[in-house]
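Visitor: Could we go through the charged side chains in this one together?
Guide: Gladly, here it is.
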Amino acid sequence: MHKRLSDFLKTNNILYNLQFGFRKKHSTSHALTSLVENIYQALDKGEFACAIFIDLQKAFDTVDINILLSKLNYYGIRGVANDWFKSFLTNRKQNVNIDGIDSNTLDIDIGVPQGSVLGPLLFSLYINDLQYAIKYCQTRLFADDTNILKTDKSLKTINKLINFDLKNLWNWLCSNKISLNVSKTELIIFRPRGKNLDYKVDFRLNKERIYPSTSVKYLGLDLDEHLTWKNQTNILSNKLNKANAMISKIRHFVDTHTIKSIYFALFNSHLSYGCLSWGCNNSNSKRLFVLQKKAVRLMEFAQRDSPSNPIFHNLEILKLEDLVKVESCLFINKSINKQQPEIFNDWFNFSCDSHAYPTRNANIGTLNVNAYNSHFYGRCSFSNYAIKNWNFLQRSHPSTQLSDLSISQLKNLLKSHFLDSYKA
């Protein structure tokens, strides 16, 4: 039923294109990349970007079943199919067993079944129409992690329009019987470095004021008001230091293959998460690379001052900078070949598509570079960073069209490219 429902939603293009949760080919990385790129574009134009991160209380457990069934009917899931979902969602019971003693059995008359394969998809449908309540801001969803974003040169305008949308948001939440924790709802005003807040903002949700923060955490990344990534680097450094401490202890008892598996589980998993957002424009990443060099030296029992290039080559591990480059090229390949969310389809365009002249760059499959105003926010945004790397690597392999390769082929090609460079 999950497959049939998913296919039906995809065929009829029902799910909101900025809903990234519990969907095939959608992930937290996509939600982060989309949000951060929009913020970079605004800051590059000298605008403010105000984002509000909404905290929904026990969202899965408070879904009104009658409202959900009504929405399923509206989207075209009617008749026998709707009756099937009604049977699945209603007349459910629960009890608790502690030390062999059962509690009384109680009826469950609200919420989607958590732990079921259908629960998350049904919740996504339940909040799918939230987008229509928000008139002026861009709404971005990842399951129950919701944020709205408004960009403009005038803080006064942003204040007015966001308050209008917050009022509509509150009305939608009340109509759909979803509770919101205003005290945990966060707001941040992103702005270019050196640009001051020229207006005293006053944002209110259900008459309760929301105060701006200097940083917020969203889907595992810490976003600061200037997108310097200092807080994120500090948090990540602490995690990597702990991983190195574990590697230092474990390495004495396992072989090279096992210690590499431990490295990728404990160290690389943190290092690579969200790197397309924070790794393209992060002056603090040198600290992280120092920790990565420490990790590979520990794995090889090398001295602290030993050259790291041969170690990276022997272990077949990419340096942080090269890891980000590979991930950015894989992202482009997936976008070009329509293996990503549709919102990324028009991010990258070949040079040959912009004119009919048979130039060298057009012939070898390079991409158009986006126009930008500033170095820090424009040139170093993810899209421009990724395009720059793609074009460089495409020119380095003129006989191979990178866009024609499968993901595994491209990954192997790029990994070999960078590992070979460590030999020099």
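Visitor: Is K423 buried or exposed?
Guide: K423 counts as exposed, because its relative accessibility is 57%, where exposed means over 50% relative accessible area, buried under 20% and partly exposed in between, with a 1.4 Å probe and protein chains only. This is a predicted model, in which local features need pLDDT of at least 70 and side-chain atom pairs count only at pLDDT 80 or more, whereas totals for chains, interfaces and linings use all residues. Residues are numbered from 1 along each chain as its sequence is written, and side-chain values use heavy atoms, with hydrogens and water left out.

Visitor: Which side chain does K423 meet in a salt bridge?
Guide: That of D420, at 3.8 Å from N to O, a salt bridge being a side-chain nitrogen of Lys or Arg within 4 Å of a carboxyl oxygen of Asp or Glu. D420 is partly exposed, at 44% relative accessibility.

Visitor: How many salt bridges are there by this rule?
Guide: The count is nine, and D202, R204 and R209 are linked in a network of them.

Visitor: And what about K325 and E321, where do they lie?
Guide: Both are in helix α13 (residues 320-336), and because they are four residues apart, about one helical turn separates them; helices here are DSSP runs of H or I with at least four residues, numbered from the N terminus.

How values were computed
Helices (H or I, at least four residues) and strands (E, at least two) are DSSP runs, numbered from the N terminus.
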